[in-house]
Amino acid sequence: MFTALLLFHGLVSVALLGAITHQAFAVVASRAEARATSFLTRFRSTDPAAYSTAIVVLVAVVILTGAIQYPNYREIVRPALQSLDLRAANGAFEIKEHLSAIGLVLLPAYWASWRQPLVAEYSAVRVGLTWILASMVWWNFLVGQLLVTIKGPFL
């Protein structure tokens with residue numbers, strides 16, 4: 001059961017990574033570029049507001065499934081990291097825990113800044129919160145993949 005939950009957690013994390021990355025690049029794109037035909041321009045020219053609710057739900061699901069798995073991490077993976085003297089990997093996971101908590105606290109402000117109709121005065125807030133959340137998601141994803149690589153998915 002733990003392995004299935006870990007795989008589900010990973011798949012939802014990939015979906016979140018794609019959505020938040022897409023929104024982060026779209027939020028800084030100029031609308032004048034929307035008519036261009038290059039791949040990167042089309043990638044950035046989508047409507048970033050369309051992703052906000054999906055991102056909120058995906059962040060909540062990823063954090064919830066991670067919290068369910070957390071006791072197993074503390075009992076199985078962390079002692080293995082300590083016995084192998086992998087302090088950097090263990091420390092990176094500690095940072096991941098803190099960033100997840102900060103991201104969860106920022107989620108209501110993020111969601112409120114993306115509520116329709118979009119208020120022009122909040123555009124800088126939307127850009128900032130989106131990029132902060134995207135940075136956190138990328139860090140957490142990369143650290144999670146590092147730990148799965150070290151310990152393996154089949155604990």
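Is Glu94 buried, partly exposed or exposed? With a relative accessibility of 21%, Glu94 counts as partly exposed, because the buried class ends under 20%. Please keep in mind that this is a predicted model. The structure holds three salt bridges, and the notes below take them in turn.

- Arg74 pairs with Glu94 in a salt bridge, and their closest N and O atoms are 3.5 Å apart.
- This pair links distant parts of the chain: Arg74 sits in helix H3 (residues 52-83) and Glu94 in helix H4 (residues 87-113), 20 residues apart.
- Glu94 also forms a salt bridge with Arg78, where the closest N and O atoms are 3.7 Å apart.
- Because Glu94 lies in helix H4 and Arg78 in helix H3, this pair ties together parts that are 16 residues apart in sequence.

- Arg74 has a relative accessibility of 32%, so it counts as partly exposed.
- Arg78 has a relative accessible area of 23%, so this residue is partly exposed.

**The Asp85 and Arg87 pair**

- Asp85 forms a salt bridge with Arg87, and the closest N and O atoms of this pair are 3.4 Å apart.
- Asp85 counts as partly exposed because its relative accessibility is 49%, and the exposed class begins only over 50%.
- Arg87 reaches 65% relative accessibility, so it counts as exposed.

- Which helix holds Leu147? Leu147 has its place in helix H5 (residues 123-151).
- Leu147 and Arg78 are 69 residues apart in sequence, and their C-alpha atoms are 9.7 Å apart in space.

Terms used:
Residues are numbered from 1 along each chain as its sequence is written. This is a predicted model: local features need pLDDT of at least 70, side-chain atom pairs count only at pLDDT 80 or more; totals for chains, interfaces and linings use all residues. Side-chain values use heavy atoms; hydrogens and water are left out. A salt bridge is a side-chain nitrogen of Lys or Arg within 4 Å of a carboxyl oxygen of Asp or Glu. Helices (H or I, at least four residues) and strands (E, at least two) are DSSP runs, numbered from the N terminus. Buried means under 20% relative accessible area, exposed over 50%, partly exposed in between (1.4 Å probe, protein chains only).
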